[in-house]
Amino acid sequence: MDWVEDHLRLSILLFGFIFCGVLAVFGLYAAAIFPLWISLGIVYFSIRHPESEVSLQQDRRDRRKKRLKEQFLGCLRDGGIDPQDEEHFECLNDNPIHFVYYPMLYGSTEKKLKRIAEESMPVFRAIRVDGEQLPPNEDGYFGYKVIYYTETEIATLTAMEVRFEDMEEKPSRKRIPIGKYATGETAYMSLDGVVGGMIAGQSRSGKSAATSSFIAMLSQLENERLIVCSNKIMDFKAYGDRVELHDDPIDILNVLNALNKEAERRKYYCLLHDLKKIEEFSDELPHVTLIIDEYAILRTTVVETPDSKKPRKVGDEVDRAVFVAASRNAAYGMSIFLVTQRFMSGLVDTTTRSLLTSNLLGFSSGDARSDEMLFDTRADEAPSCEIPISSKGVGYIFCEGYMNKPRLFKAAYIDEKTEKRIVEETKHLRPKDTTYEREEGLPLQA
């Protein structure tokens, strides 16, 4: 019996050792592959629940904004400003880097902030920095906005896909959506009492697409008469039922002269009704927007006249008519936009350019000089050479009344199908045509 009991004990002990050994081996194996199972679970959960990936990205952005805030606080302290705990200070965005600061003490802070912001550009690898004073908050303290523009902002805009359908806000004459900033905010242009604007950019830079989106937005406005003049009239054929299209140089000159005569009529209308300017528009008295595409080509146009030995310089006549329109017609509900690759002083009179700075769009022009984008006046603030030629649709926008300086944006793109839909939906908005005398078109000089 003792022999049986001893063997039974040995068998149980041996079985226990084997069982514990197997458990230990499987435990070590499970511990080794545990991280793999966790990773697979996270991937599976991210696929099944994409909002989790969004939250992870948001957490990363929040951590980055916190780190940027700490960096800027260090720059402030190094520059002689010691922010207090009760002061409102926030990093709103990380691309471009956007800070808002409401100091408790008001005095020389603005000058110090400007100096500190410029000195701290290398810290944030910025290519430009803007500072602006904000209105007072609820406690009555003035605030400051500091924005660092980095090279990554251009990369972000280049990667963005902004379509016409993304412009959810309906256009009004005060706010016409035209694209988006890197922050996702909407970029606007305006017709509210402005003379007009200029759109510049080399071929394949996104200029024509932005112009088409601009026209599509304008076509949705009530009591809006749209006139588009271009030697590439087929680019705007979709708007034939909503927009007046002209391609003959003599015809375009007639349109300009007719609009200037209409301005005279509206001047007497204002005198009769004791108005400083026309603000209310109707079907009989619509707002007029004239868009002249490829203005440089039109400006250099001459025609052969059968009854004269000298060719007629229609381009010079157009330039004079544009100057008259730009110098006075805004008060009478008329705006004029010039579109071309470059606005050189030899093609557009300097005074005319200075009048048409209410709305500026400048698109990428590769290695072109910075003064060729925003027409000399704002070259240092928006140099075109920062934007590579491969960044289609990326440019600078300046809209008087909405921003102090030009800002990088991505223009919205509209396809032909959407163009046709917009025109079909807005046919009824076309106001009564204003008649004008047409001069017979003459052949262009070779």
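**Exercise 1.** Which side chain of opposite charge is nearest to Lys180, and how many Å away is it?

*Ground rules.* This is a predicted model, where local features need pLDDT of at least 70, side-chain atom pairs count only at pLDDT 80 or more, and totals for chains, interfaces and linings use all residues. Residues are numbered from 1 along each chain as its sequence is written, and side-chain values use heavy atoms, with hydrogens and water left out.

*Solution.* 
1. Locate the residue. Lys180 sits in strand 5 (residues 176-180). Strands are DSSP runs of E, at least two residues; helices are runs of H or I, at least four; both are numbered from the N terminus.
2. Check burial. Lys180 is buried. Buried means under 20% relative accessible area, exposed over 50%, partly exposed in between (1.4 Å probe, protein chains only).
3. Look for a partner. Lys and Arg count as positive, Asp and Glu as negative; His and the chain ends are not counted. The nearest side chain of opposite charge is Asp166, 6.7 Å away.
4. Read the contacts (heavy atoms within 4.5 Å). Beyond four places in sequence, the contacts of Lys180 include Asp166, Glu185, Phe409 and Lys410.

**Exercise 2.** Describe the surroundings of Asp293.

*Solution.* 
1. Asp293 lies in the loop between strand 10 and helix 8 (295-299).
2. Asp293 has a relative accessible area of 5%, so it is buried.
3. Leaving aside neighbours within four places in sequence, Asp293 contacts Cys229, Ser230, Lys232, Phe236 and Val339.
4. Lys232 is 61 residues away along the chain, yet the two C-alpha atoms are 8.1 Å apart.

How values were computed. A salt bridge is a side-chain nitrogen of Lys or Arg within 4 Å of a carboxyl oxygen of Asp or Glu.
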